Amino acid sequence: MKKVTALTDRTLPALPAAIRDAEASKETLRNLRHFHLGNPQARASVQPAGDDCLPALLAPFRDSSRLRFDYPLFLRPALEGGEEIEAEQLALPLSQALREAAETFAPGPDSARMLKDNLPWVERDLRRRLEENEGPAAIAPLLAESCKGLVAHLKLDMENSTKLEGELEKLQAALPADGTLLAYGRYPAIHLLVHTIRNLSVSRHTRFREGLDDLILGLRRLLEVEKEKSTEAKSAAKLAAGIGGAGSLLNTEALSGMMEHRRGSISMSEERHRRITEALASLESFEDGQTLVYLVHSGRLTEEHWPARTQGLEPVVDADPSERATLLFDREAGRLSKVFAAARIARLEIDDIYDSAIHDPWFAGFGWDAFSKEELQLVPAVISLEDCNRIAGEGMASFSRLLSSGRPVQILARVLAHNNPGRREGEGPFQSFRTELGYLGIGHRQAFIAQTSAARHNHLIGGFLAALNATRTSLHLINTGLKSAGRQIALNAWLVAGAALEGRVHPFFRVNPDRGDSFAERMDFDGNPLPDQDWPLHAFNYRDEDGLVVETKLAFTFADYALLLPELRDEHFVAVPPECESDDLLPLADYLRKPREESPNYVPFVWAVDKSGSLLRLVVSRTLVHACRDRLNYWHALQEMAGVRNRYVELAIEKAQTEIQAAADAKIAEAEARREQDLADARAEAAGEVMGRLTDVLLGMDLTAMASRPAARPAAHAQPKAESLAQEQAPAPVVEEEAVGFDEPWIDTPLCTSCNDCMKVNPLMFLYNDTKQAVLGDLKTGTFAQMVEAAEICPSKCIHPGKPWNPAEPDLEELQQKAAAYN
């Protein structure tokens, strides 16, 4: 829907003025249709899309240098405390971190105005300093340099410069010195996962270490008590050692001889003593490893130096990351199984509930699959960094085995949203239907599956937290957007990743088996824009050929996203000349809503804006249209799993509505049949009564006298008897038959649905009986017009207006015509 206003805005995109030419439009449309249908010879007759073309909805973001977005992120240092950590506690946008830090010492909008007004400058400067940095960087030195740069940039007088420097020092002090900044580099998701693991691991390992210390103390006490029961504990040497320096004053030999050497209780068995001793030795020898995270990759990380300098991270290179990750987890779990078993044995022994018949077999086969959730969370995290093309090809077997194993390994796969992981070497991205790795992952029913993006860091970290707490094999399909490599991509990678979410190219979802068995419980569909629609719709304003502002809405589709990629733009888009005008040109979103059999009648296009601000139409190839349908089909499948526009639900609703309507219709039909029967019975009863009265009259007549009179007797002589007969027949029920003609208003009460509509017209003329069904009240309190109005709005059509009871009421002729339909 379009709205045109007389206002003008020269910053808006504008339709170029052009002279329409009907004949030229026909020829141009013919060439465009041939291009759309895939005729390679048509390229010579059409105009390619320019390198500077952007989807119309993204044109305002062409200058990325002026764009403020979430990155750099401020990563908080490791948190102390419980397991309930939210994504916002781990990372937040730098702009938010700076504002919150300033508020700690200068609350309110009017305090430290000079500092707060210049925080955006500090943010931009820090972003510039981090452009070439990969991985977290300490915030303290970077912020100090930016603060110095701000003072130099503003060139304030001495007084204001000193004041600003003081505020900047407070700002630096308000931010944790061990906090870090993360730019939107090549691997933000990996860095955020490592950061999340480290935050969770600190508190978990601290609690475990404290628990081990308590267990060690408890086992030592058990052994000391047992030792006190022995004869050796009462020997002269032991007594002397226990007395200390005063031992020379006593005869310990004599004292030992005087003491009772019988043991006061039963000694523990040799088997138990050995079990406790071994458990104590295992606990005392345990040392926390330095490695918190193993990152297994195939050697394709380009910045090899950053994993090595990340504390607690050990990179591992292997051609098959999934297989190597499996072996690494088994190795680390095997190492920890001894201490976990010792800790469990220690608790049982301290509580004196160890039963050899039950527990010996259990601990004989104790492995990672017997670990508790808390124990699994103490195993060093293993990350398998997989390649999507390898997963869909030669790596499928090891990938699927790992995903089905239950081992809590985190599989990260970086997704090129426009690409098809299942394509063969040399094939284009749209030559076959797309292999959806998320759908493949969902088929591994006991695995945690998340499809997300580093461009939405809260959603990404939220998925990491859920996966790490689930202690299941987890697959994270992550889109980071594209950086310019070779040919220039007009927008920055963060915007491109956001566009993939908007265009249903990389929709968000999580499937967590811990939440239940049904998709209604497992599926999380949050984060998708307008999830109940095919494509997100956004407001869009432009200037028409007359300079008037047009307000409309545009859909952002997969084709709009494809326009961002140079190789797809060159192959699948051509420009429509401004002078070409035809009803056969149809916006792509509208084209996709058309029935398939009507599609050949139209040529689909998307709106684009070039660098000069001209609004253009770009025709889309049929190949790309098929890809749009494929992505839309997957989107519909996800909607159905998430309970959004679920066709099963829609069919169930339709069925229920049909059944309800059928039941209502049957009830009305039954009531109407009952009314007809009542009317027939009333008519029969009235007719019987008439016949009865007529019979009584006839039986009371003197028929003998009438028969003996001459037939030619003058009529005047018969008058008295005729009058007498007429008088006797005067009350004959012929009048009663007329009373059944419904000239008076009436209500078929059994049909009333208690809707209150008639009560709203006149609550005195219409009343409810004991069953709350309508009956007529005093007609004098209302008008015939109100009676007709009530009949018109009655949903069950049970009000019959009859004929007017007040001949002086206005407009009776028109009202009677309306009433006839309800009598």
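The side chains of R275 and E271 meet in a salt bridge at 3.6 Å, N to O, where a salt bridge denotes a side-chain nitrogen of Lys or Arg within 4 Å of a carboxyl oxygen of Asp or Glu. The model is predicted: local features need pLDDT of at least 70 and side-chain atom pairs count only at pLDDT 80 or more, whereas totals for chains, interfaces and linings use all residues. Residues are numbered from 1 along each chain as its sequence is written, and side-chain values use heavy atoms, with hydrogens and water left out.

R275 and E271 are four residues apart in helix α11, so about one helical turn separates them; helices (H or I, at least four residues) and strands (E, at least two) are DSSP runs, numbered from the N terminus. R275 is buried, with a relative accessible area of 10%, while E271 is partly exposed at 37%. Here buried means under 20% relative accessible area, exposed over 50%, and partly exposed in between, with a 1.4 Å probe and protein chains only. Both residues belong to a network of salt bridges that links E271, R272, R275, E349 and D352.

The structure holds 40 salt bridges. One of them joins E284 and R220 at 2.6 Å, N to O. Since E284 lies in helix α11 (residues 270–285) and R220 in helix α8 (residues 188–228), the pair ties together parts that are 64 residues apart in sequence. E284 is partly exposed at 39% relative accessibility, and R220 is partly exposed with a relative accessible area of 39%. Another salt bridge, at 3.5 Å, N to O, is formed by K803 and D743. This pair links distant parts of the chain, 60 residues apart: K803 is in the loop between β25 (799–800) and α32 (812–820), and D743 in the loop between α29 (734–739) and β22 (746–747).

Attention now turns to the strands. An open sheet of four strands has the order β5-β4-β7-β6, with antiparallel pairing; two strands pair if DSSP finds at least two bridges between them. Its edge strands, β5 (91–93) and β6 (137–138), each pair on one side only. Three bridges connect β5 with β4 (residues 73–75) in the antiparallel sense, and L73 has P93 in β5 as its bridge partner. Helix α19 (residues 457–470) packs on this sheet and touches β4 and β5, its direction making about 175 degrees with that of β5. Contact means heavy atoms within 4.5 Å; axes are lines fitted to C-alpha atoms, for helices over the stretch in contact, and angles run from 0 to 180 degrees between N-to-C directions. In the loop between β3 (54–55) and β4 lies P72, which a cis peptide bond joins to Y71, with omega of about 0 degrees.

Strand β8 (residues 293–297) is mostly covered, five of its five residues being buried. In a regular strand the side chains alternate between the two faces of the sheet. Accordingly, V293, L295 and H297 point one way from β8 and Y294 and V296 the other way. β8 pairs in the parallel sense with β9 (residues 313–317) over five bridges, and V296 stands opposite V316 in β9. Four bridges join β8 to β10 (residues 381–387), again parallel, with V293 opposite A381 in β10.

Two backbone details remain. A112 has a positive phi near 50 degrees although it is a residue other than glycine, and is buried at 14% relative accessibility. K155, also not a glycine, has a positive phi of about 50 degrees but is exposed, with a relative accessible area of 71%.
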